[in-house]
Amino acid sequence: MRITFVGLGWEQLGIGLLSALAKEEGHTVDLAFSSALFNDRYNFNISALASLLNDKKDVLTAIKKQRPDVIAFSPITSTYQWMLDIAKESKLFFPNIKIIFGGVHASILQEKVLLNDHIDYVCIGEGDVAFIEILRSIEMKAYQNPIVNTLYRSHGRGDIIRGAQQAFIQDLDNLPIFDKIIWEEHMRLSDIYFTMASRGCPFHCTYCFNSFFANLSDCKPGKYVRHRSVEHVIYELKIAKARYSPKIIEFEDDVFTINKKWLKNFLFHYKKEINIPFQCLSHPTCIDEEIVIWLKEAGCSYVQLGIQSMDENYKKNVIKRYDKNIHVERALLAMQKHGILPKVDHMFGLPNEPLSAQETARELYTKLTPYRIQTFWTNFFPGTEMTLQALADKTISPEEFDRINEGRSSDFYRKSRIEDPKKLKAYKAYELIFKLLPIIPKEYRRKLTPKLFLILPLWACSSITFFIDVVVGLTTKNPDHIAYARYYQYHIAKFVLNKLNIKVPGATKILDSKPFDLNFREQVNIETNKTTCLRNDTSISNIEILK
């Protein structure tokens, strides 16, 4: 069959994996992609420019050209409404296509999502097995049998059929590597290469989807945090290095440093076989000086550290974060000592958090100033403990709860739910301070207090904060800012030239076009048969097999 995935704004690793699985089954895979310039529903929103560069028609044109049998969507809450519109319009000109929705938003609101007449299947939780079973069911026209991890409407009668919710996949090596080929036209994979070495998060913070996603399985779920073998990841990265020569690799694992034994083994072989600068995400309790030394020696340039709040009692009792401030201090000290640049995530507007938490954070950031303090405004997302609690204590109304579930209320970079004007002004002042601290000489940092900025109107505070963040990110060559800027440069030029009927080459230049196998195990078996070096214990890396 012909399968089209619909993407918006940036690369989605989930699409890459499902594409690889579909290709293994012999299907033809395409991507209909919106660059979502100036309105990616995540980072950036300038309405006038977004309207001028709106490429929704181009997405629909691509779908018409690809003539798919199946269209697959994996929306987050903020992209849900846009993807619903694309699905609905696609059904108008291809009434017989089957449409699949999956991902976190669809998983928690499965029945509500399926109420849309133009959606045929909802994949719940992990979709690796379910997606292939759905495709087989469509191909065989078997519309009455339950499909694992799937809710769907039967053909003809319209009955709702629910399959069992399977345990989480434990052996990730049985899955192929991410299919990057479908992204080469749209993403500059040589600027920054995204991948994941593991699945799952050991923490269940109340504002995060992991607070419900880890409990979706009907049966004993097995481990929620699982790692690909060292060999599996190295195999992917050797292909990426040869094909794209990326400037930096970003590991998108929730907590890259959670398993010290795996990490030490991986970093040894990463340095030996890949040796490209990289960045990763971690948690204050999962990083110590020994880990920092390993990371630095392997080529790690940046570590993004989730901090969110500096009030220990609040973190423990309300949002279920059990790290202490001493963990944050130790992590920042270790990174600064060994030359890794820390980026920290900080949240404003957490429900009932005392304002004193911001002053505690200011004092810490003044003493141990990170390379970048990335700020977010608290949003309520479907299914999270925080959202359900906010509904119960009337922090949000039933009407607002419905808007959240419909994906019409989310903007964690700009939108604040704080109604108290004095408190909002204080938060905006602290946000501006946190953006200024990394670029202010050390001797002046303590002089940056909220009083200096409370006189500014809110719009001025927000505008200065945004300007400083962009300018500092670009001038200090933050790889995230640089990749984002080049993405915009490419897609603006492409949008204009396409309107002039001038063909534009793909975003990524291919350096090595030799064929490769997305199936790691299949390739290892081939090489093993050649060298008779098969080893049963895949937890100990044998990179020689892959040479």
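Figure 1. What you are looking at is a predicted model. The fold is built from 20 helices and 15 strands. Its radius of gyration is 24 Å, close to the 24 Å that the globule rule gives for 547 residues, so the protein is as compact as a globular protein of that length. Along the principal axes, the C-alpha atoms fill a box of roughly 70 × 60 × 55 Å.

**Figure 2. The nonpolar cores.** In soluble globular proteins, nonpolar side chains tend to be buried together. Here, the largest nonpolar core has 107 residues. Which residues have the most contacts inside this core? They are Phe131, Phe251, Phe256, Phe266, Tyr270, Phe278 and Leu295. Helix α17, residues 421-436, gives the largest share of this core, with eight residues. A second, separate core has 33 residues, including Ala36, Val59, Val122 and Phe213.

**Figure 3. A closer look at Phe266.** This view picks out one of the residues with the most contacts inside the largest core, Phe266. Setting aside neighbours within four places in sequence, Phe266 is in contact with Val230, Val233, Ile234 and Leu237, and also with Phe251 and Phe256. Phe251 and Phe256 are themselves on the list of residues with the most contacts inside the core.

**Figure 4. Two helices crossing.** Helix α11 (residues 289-298) and helix α13 (residues 325-338) have axes that come within 9 Å and cross at roughly 35 degrees. The crossing is right-handed. On the α11 side, the contact is made by Glu289, Val292, Ile293 and Lys296. On the α13 side, Ala334, Met335, Lys337 and His338 take part. Sorted by class, the contact has four nonpolar, one polar and three charged residues.

**Figure 5. Ile258 in its loop.** Look for Ile258 in the loop between β11 (249-251) and α10 (260-273). Is Ile258 buried, exposed or partly exposed? Its relative accessible area is 29%, and the cut-offs are under 20% for buried and over 50% for exposed, so Ile258 is partly exposed. Beyond residues up to four places away in sequence, Ile258 touches Pro202, Val225, His227 and Cys286. Thr285 is 27 residues from Ile258 in sequence, and their C-alpha atoms are 8.9 Å apart in space.

**Figure 6. Ile177, a buried loop residue.** Ile177 is placed in the loop between β7 (160-162) and β8 (193-195). With a relative accessible area of 2%, Ile177 is buried. Where does Ile177 make its contacts, leaving aside its neighbours within four places in sequence? Its partners are Leu17, Ala20, Arg228, His232, Tyr235, Glu236, Ile239, Asp517 and Leu518. Met196 is 19 residues from Ile177 along the chain, and 9.9 Å separates their C-alpha atoms.

**Figure 7. Two residues with positive phi.** Most residues other than glycine have a negative phi. Ala36 has a phi near 50 degrees, a positive value. You can find Ala36 in the loop between β2 (28-34) and α2 (47-52). Ala36 counts as buried, at 6% relative accessibility. Asn275 has a positive phi too, near 55 degrees. Asn275 sits in the loop between α10 and β12 (278-282). With a relative accessible area of 44%, Asn275 is partly exposed, whereas Ala36 is buried.

Figure 8. Asn405 belongs to helix α16 (residues 398-405). Its relative accessible area of 8% is under the 20% cut-off, so Asn405 is buried. Not counting residues up to four places away in sequence, Asn405 touches Tyr80, His105, Leu109, Lys112 and Pro382. Gln308 is part of strand β13 (residues 300-308). Gln308 also counts as buried, with 9% relative accessibility. Apart from residues up to four places away in sequence, Gln308 touches Tyr207, Arg321, Asp345, His346, Met347 and Leu350.

Terms used. Residues are numbered from 1 along each chain as its sequence is written. This is a predicted model: local features need pLDDT of at least 70, side-chain atom pairs count only at pLDDT 80 or more; totals for chains, interfaces and linings use all residues. Side-chain values use heavy atoms; hydrogens and water are left out. Axes are lines fitted to C-alpha atoms, for helices over the stretch in contact, and angles run from 0 to 180 degrees between N-to-C directions. Helices (H or I, at least four residues) and strands (E, at least two) are DSSP runs, numbered from the N terminus. A crossing is left-handed if the near helix is turned anticlockwise from the far one by less than a right angle, and right-handed if clockwise. Contact means heavy atoms within 4.5 Å. Ala, Val, Leu, Ile, Met, Phe, Trp, Tyr, Cys and Pro count as nonpolar, Asp, Glu, Lys and Arg as charged, and the others, Gly among them, as polar. A nonpolar core is a set of buried Ala, Val, Leu, Ile, Met, Phe, Trp, Tyr and Cys residues joined through side-chain atoms within 4.5 Å. Buried means under 20% relative accessible area, exposed over 50%, partly exposed in between (1.4 Å probe, protein chains only). The radius of gyration is taken over C-alpha atoms; the globule rule is 2.2 Å times the number of residues to the power 0.38.
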